[in-house]
Amino acid sequence: MTEQQDWREETREIITSLLEDGSNPDVEYTIEHHFSGQDFNRLEKAAVDCFKAEFEVTDAEELTLERGETLLCFDAVKEGPLTEEAIMVQIEQLLPIAQKYGIEYDGWGTYFEE
């Protein structure tokens, strides 16, 4: 499977799970796409590209992993419908940014909506 197909499958599973739990399919969702890396400069450049692609970008945060490594991460956020098509369009905009700067695209998440 390609990376695109993997993200499509994961996206479908997340959406199905939210809807099965009773989340409202008809509202706008805040979709948070997660990025991480160890090089602040690369992460910062990726964040600028995400902003230029019309995503809201959170400040970088530091995480210390169990092995003692430090990881930097930020989110690229956009409002939209909870549909596979809409979220895949966002992922397809963001994957090349992660690849360009050699950082990780760690997937997306959102919140349950009444």
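I began with Asp39, which forms a salt bridge with Arg42, the closest N and O atoms being 3.9 Å apart. I noted that this comes from a predicted model. Asp39 counts as partly exposed at 34% relative accessibility, and Arg42 is also partly exposed, at 41%.

I then turned to Asp49, whose salt bridge with Lys100 has its closest N and O atoms 3.1 Å apart. Because Asp49 lies in helix H2 and Lys100 in helix H3, this pair ties together parts that are 51 residues apart in sequence. I found Asp49 buried, at 16% relative accessibility, whereas Lys100 is exposed, with a relative accessible area of 57%.

I next looked for shared partners, and found that salt bridges join Arg8, Arg12, Glu84 and Glu92 into one network. Within it I looked up Arg8 and Glu84, which form a salt bridge with the closest N and O atoms 2.9 Å apart. Arg8 is in helix H1 and Glu84 in helix H3, so the pair links parts that are 76 residues apart in sequence. Arg8 is partly exposed at 30%, while Glu84 is buried at 16%. My search of the whole structure gave six salt bridges.

Last, I followed helix H3, which runs over residues 84-101 and reaches 26 Å from its first C-alpha to its last, close to the expected 26 Å. Its buried residues include Glu84, Ile87, Leu94 and Tyr101, and among the elements covering the buried residues of H3 are helix H1, helix H2 and strand S4. Just after H3, I noted that Gly102 takes a positive phi of about 65 degrees.

Definitions and conventions:
Residues are numbered from 1 along each chain as its sequence is written. This is a predicted model: local features need pLDDT of at least 70, side-chain atom pairs count only at pLDDT 80 or more; totals for chains, interfaces and linings use all residues. Side-chain values use heavy atoms; hydrogens and water are left out. Helices (H or I, at least four residues) and strands (E, at least two) are DSSP runs, numbered from the N terminus. The expected span of a helix is 1.5 Å times one less than its number of residues. Buried means under 20% relative accessible area, exposed over 50%, partly exposed in between (1.4 Å probe, protein chains only). Contact means heavy atoms within 4.5 Å. A salt bridge is a side-chain nitrogen of Lys or Arg within 4 Å of a carboxyl oxygen of Asp or Glu.
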